[in-house]
Amino acid sequence: MLIKNNISGIELKAQWQILFDNSAGDRREERKVLRDLIDAYSEAHRFYHGLTHIKHILGVIATFQGQAKNYQAIQFAAWFHDVVYHPNAKDNEEKSAAYAAKVLTKLNICSATIDAVTQMILNTKYHQAAPEDIDSQILLDADLAILGADEASYQFYARGIRREYARLSSAEYRLGRIQVLQQFLQRSRIYYTQPMFGQYETKARHNILLEIEALCSADSYLELTGQKSSAA
């Protein structure tokens with residue numbers, strides 16, 4: 001699961017096109033939407049929530065194709081769930097869901113799939129899914145797969161999040177970030193699906209505890225986020 005650098009949209013083109021293999025839609029419109037998505041996920045302020053994140057999620061959900069009720073909807077939700085992303089905003093998920101609904105309607109995707117996509121995107125706001133909603137569970141687990149990643153990938157993620165919140169002072173960021181991380185630890189389980197729980201739950205909790213420890217230690221925090229000590 002090693003994640004290092006961002007990728008180009010070309011690497012994801014085939015995964016986008018496969019969503020329309022059996023459709024009779026407007027291929028030019030499909031390509032335009034892909035270009036718009038690539039532009040969105042390539043915005044300068046995205047240091048983690050970019051194309052690499054989308055590729056990672058798509059790779060994880062591909063392992064659940066046989067368990068999904070509406071696999072296409074999960075794929076669309078993965079593509080659109082962070083299309084609107086501003087770290088200081090409180091309505092990214094709502095705006096992303098609305099954007100997805102508008103675009104997918106233009107692409108003649110069936111209303112049931114659009115409804116499923118928008119609900120899954122909204123569920124990413126608090127990372128909560130109903131017990132019977134396996135599709136949302138798959139998406140949410142894929143979105144949080146990074147928490148159970150190897151050390152290098154997790155640190156890439158942690159540094160990226162810090163850079164996205166560069167407007168916050170160190171003290172402000174530490175306080176907010178620790179609160180978010182503790183909320184994950186307080187859950188009975190981070191991952192809904194049994195495969196993800198079995199493979200990543202223990203590692204995710206270990207990674208989170210290490211990040212909290214680093215956030216509470218000035219020297220470790222600077223090392224984690226790639227910043228230099230003022231005394232250096």
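**View 1. Helix α5 crosses helix α6 in a right-handed way.** This close-up comes from a predicted model. Helix α5 covers residues 92–106, and helix α6 covers residues 111–123. Their axes sit 8 Å apart, and the two helices pack at an angle of about 165°. An angle over 145° counts as roughly antiparallel, so that is the label for α5 and α6.

**View 2. Here are the residues where α5 and α6 touch.** On the α5 side, look for Glu-93, Glu-94, Ser-96, Ala-97, Ala-100, Ala-101, Leu-104 and Thr-105. On the α6 side, you'll find Ile-114, Val-117, Thr-118, Ile-121 and Leu-122. What classes do the residues of this contact divide into? There are eight nonpolar, three polar and two charged ones. Ala and Leu are among the residue types that count as nonpolar, while Glu counts as charged.

**View 3. Helices α3 and α4 make another right-handed crossing.** Helix α3 runs over residues 51–62 and helix α4 over residues 71–80. Their axes come within 9 Å and cross at roughly 165°. Are these two roughly parallel or roughly antiparallel? With the cut-off for antiparallel at over 145°, α3 and α4 are therefore roughly antiparallel to each other.

**View 4. Now for the residues that join α3 to α4.** Helix α3 brings Ile-54, Ile-57, Leu-58, Ile-61 and Ala-62 to the contact. Helix α4 answers with Tyr-71, Ile-74, Gln-75, Ala-78 and Trp-79. Sort them by class and you get nine nonpolar residues, one polar residue and no charged ones.

View 5. How many disulfides does the model have? The count is zero.

**View 6. Stepping back, the protein is built from eleven helices and zero strands.** Follow the sequence and the pattern reads α-α-α-α-α-α-α-α-α-α-α. The protein has 232 residues, and 48% of them count as buried. Among contacts with a separation of 6 or more, 68% are between residues 24 or more positions apart.

How values were computed
Residues numbered from 1 in each chain as written. Predicted model: local features only at pLDDT ≥ 70, side-chain atom pairs only at ≥ 80, totals over all residues. Heavy atoms only, no water. Axes fitted to C-alpha atoms, helices over the stretch in contact; angles between N-to-C directions. Helix = DSSP H or I, 4+ residues; strand = E, 2+ residues; numbered from the N terminus. Parallel < 35°, antiparallel > 145°, perpendicular 65-115°, else oblique. Left-handed = near helix turned anticlockwise from the far one by under 90°. Contact = heavy atoms within 4.5 Å. Disulfide = S-S within 2.5 Å. Buried < 20%, exposed > 50% of the residue type's maximum accessible area, 1.4 Å probe, protein only.
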